[in-house]
Amino acid sequence: MSECVTKTEIAPSVKRRVAASVFIVAFAFGLNITGILPVLGILNEKYQQYGTSAVQLLQTIMYLLLIVGSLMVGWMTTKISKKNITLLGLLIVGCCGVLPFFLESFAVLLIARIVIGFGYGIMGPMNTAIISEFFPPEERAGYMGLHVVGMGIGTMVGNLLGGMLAGIGYRYFYLVYLIAFAALLGVKAVLIETPPAQVEKASDLKLNKMVFVISFASFVHTLFINAYNTNISIYITQNITEDPSVTGVVTAVNAAFALLVGMFFAKISGFFKTYTLTFSIFAAAVGYGVILFVPGMAGIYIASALCGVSLSCFMAIGSYLISISVEQEAVAKASGMFSIIGGIGGLIAPIFLGNAAKLLGENSARNQFVISFAGMLIFGVIVWIASANKAKKEKNQ
């Protein structure tokens with residue numbers, strides 16, 4: 001028989017179990033950011049007959065089914081428990097992540113990267129939904145921060161361990177996805193079972209204008225932040241070294257700063273308040289500026305840190321705003337919409353950035369960083385103005 005609880009009945013032991021499950025799920029979801037980043041430069045050389053854009057697409061193609069999975073989440077929560085949805089997502093991620101280790105071909109890798117997106121798509125909104133189910137709005141920021149901490153550590157471990165495994169042989173990198181199976185066992189042990197959403201049909205889970213505004217912001221942010229994910233490995237390989245472990249360390253720095261933001265997110269959001277979203281966007285703009293104007297590994301490390309800050313802070317504040325924008329039963333559906341629209345940005349990022357970079361002469365990593373610097377800067381100014389207007393209205397009320 002399932003153990004069902006409500007926010008008014010939560011005991012400290014239950015809070016610890018929920019917090020542990022949030023961390024475990026987020027840790028495994030960090031592999032979404034890792035993707036195939038540590039070996040992207042190697043794959044670009046190995047599969048050069050397909051072109052750089054096609055290889056970069058391997059990092060983001062999972063957004064295709066991530067969108068489908070996220071679209072189905074609202075309906076799934078009315079039929080299946082959040083725990084079982086999470087377990088299914090982890091199983092798909094583990095199987096698809098490890099598969100290319102056993103079957104070496106571009107086609108298998110492409111299919112695995114597409115299907116893995118469905119796993120991320122259905123498990124991605126679950127932490128926000130679980131946090132909203134168990135905790136009132138005033139307690140959620142800390143748990144959203146915990147989610148980001150888990151993602152940061154998961155990404156950092158994925159990048160470092162993946163880089164070390166790739167140093168043995170690039171195919172060994174895929175074994176890093178065994179983490180998903182370990183997470184599956186952890187979630188099965190600690191996550192409390194709750195019943196499906198009590199509505200007659202998924203269409204009863206109403207969304208509002210704020211959900212779509214925040215989701216569109218995610219689209220723009222994801223579009224430009226992916227320039228880091230899809231280009232940093234290639235940039236290092238072409239300009240610094242072909243050693244995949246270096247990329248692993250660089251991306252681990254990215255994850256480490258994402259982790260720090262998660263740990264202190266409640267304080268960061270308390271300090272910036274209405275301007276937290278603006279801060280997250282300008283952090284990436286400054287990061288891209290640094291990689292363009294500070295030569296060598298110093299610029300790469302600083303840019304990696306700032307992009308980690310940007311992604312972590314944006315996801316935390318975005319998820320928090322989603323959680324307080326709709327009724328509790330609709331949070332999973334709203335989080336799914338947030339993932340869908342953001343996922344579209346990630347899906348088209350390599351194509352959009354590649355074509356935009358050609359306008360500057362060629363589709364190079366540097367030119368994609370230039371486009372993303374300009375894009376984040378303009379986007380940040382727009383959000384800053386909108387945030388200032390919101391703060392002014394709140395002050396006058």
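Me: What makes Ile33, Val148 and Met151 lining residues of the second largest cavity?
Reply: This is a predicted model, and a residue counts as lining if it has an atom within 4 Å of a cavity point. Ile33, Val148 and Met151 are on that list, along with Gly152, Thr155, Asn254, Ala255, Ala258, Gly308, Leu311, Ser312 and Met315. The elements giving two or more residues to this lining are α9, α12 (244-263) and α15. The space inside comes to about 80 Å³.

Me: How do you know how the lining of the second largest cavity splits by class?
Reply: You sort by residue type: Ile, Val, Met, Ala and Leu are among those that count as nonpolar, while Gly goes with the polar ones. That gives 7 nonpolar and 5 polar residues, and no charged ones.

Me: Why is the largest cavity called a cavity, and what is its volume?
Reply: The word is used because a 1.4 Å probe fits there but cannot get out. The volume is about 450 Å³. Of the 31 residues lining this cavity, Phe29, Asn32, Tyr63, Met315 and Ser339 are closest to the centre. α11 gives the largest share of the lining, 6 residues. By class, the lining has 13 nonpolar, 18 polar and no charged residues. In total, the structure holds 6 cavities of 30 Å³ or more.

Me: And what makes a pocket something other than a cavity?
Reply: A pocket is an open set of points, whereas the probe cannot get out of a cavity. The largest pocket has about 690 Å³ of space. Its lining has 26 residues, with Leu277, Leu321, Val383, Ser387 and Lys390 nearest the centre. The classes here are 17 nonpolar, 6 polar and 3 charged.

Me: Why are α6 and α8 called roughly antiparallel?
Reply: Check the angle. The axes of α6 (residues 82-102) and α8 (residues 126-134) come within 10 Å and cross at roughly 160 degrees. Anything over 145 counts as roughly antiparallel, so α6 and α8 get that label. Their crossing is left-handed.

Me: How do you know which residues of α6 and α8 meet?
Reply: Contact means heavy atoms within 4.5 Å. On the α6 side that picks out Lys82, Ile85 and Thr86, and they meet Met126, Ala129, Ile130 and Glu133 of α8. This contact has 4 nonpolar, 1 polar and 2 charged residues.

Conventions: Residues are numbered from 1 along each chain as its sequence is written. This is a predicted model: local features need pLDDT of at least 70, side-chain atom pairs count only at pLDDT 80 or more; totals for chains, interfaces and linings use all residues. Side-chain values use heavy atoms; hydrogens and water are left out. On a 1 Å grid over the protein atoms alone, a cavity is a set of points where a 1.4 Å probe fits but cannot get out, and a pocket is an open set with protein on both sides within 12 Å along at least five of seven lines; lining residues have an atom within 4 Å of a point. Grid points are joined across faces, edges and corners, and a volume is the space filled by probe spheres set on the points. Axes are lines fitted to C-alpha atoms, for helices over the stretch in contact, and angles run from 0 to 180 degrees between N-to-C directions. Helices (H or I, at least four residues) and strands (E, at least two) are DSSP runs, numbered from the N terminus. Angles under 35 degrees count as roughly parallel, over 145 as roughly antiparallel, 65 to 115 as roughly perpendicular and the rest as oblique. A crossing is left-handed if the near helix is turned anticlockwise from the far one by less than a right angle, and right-handed if clockwise.
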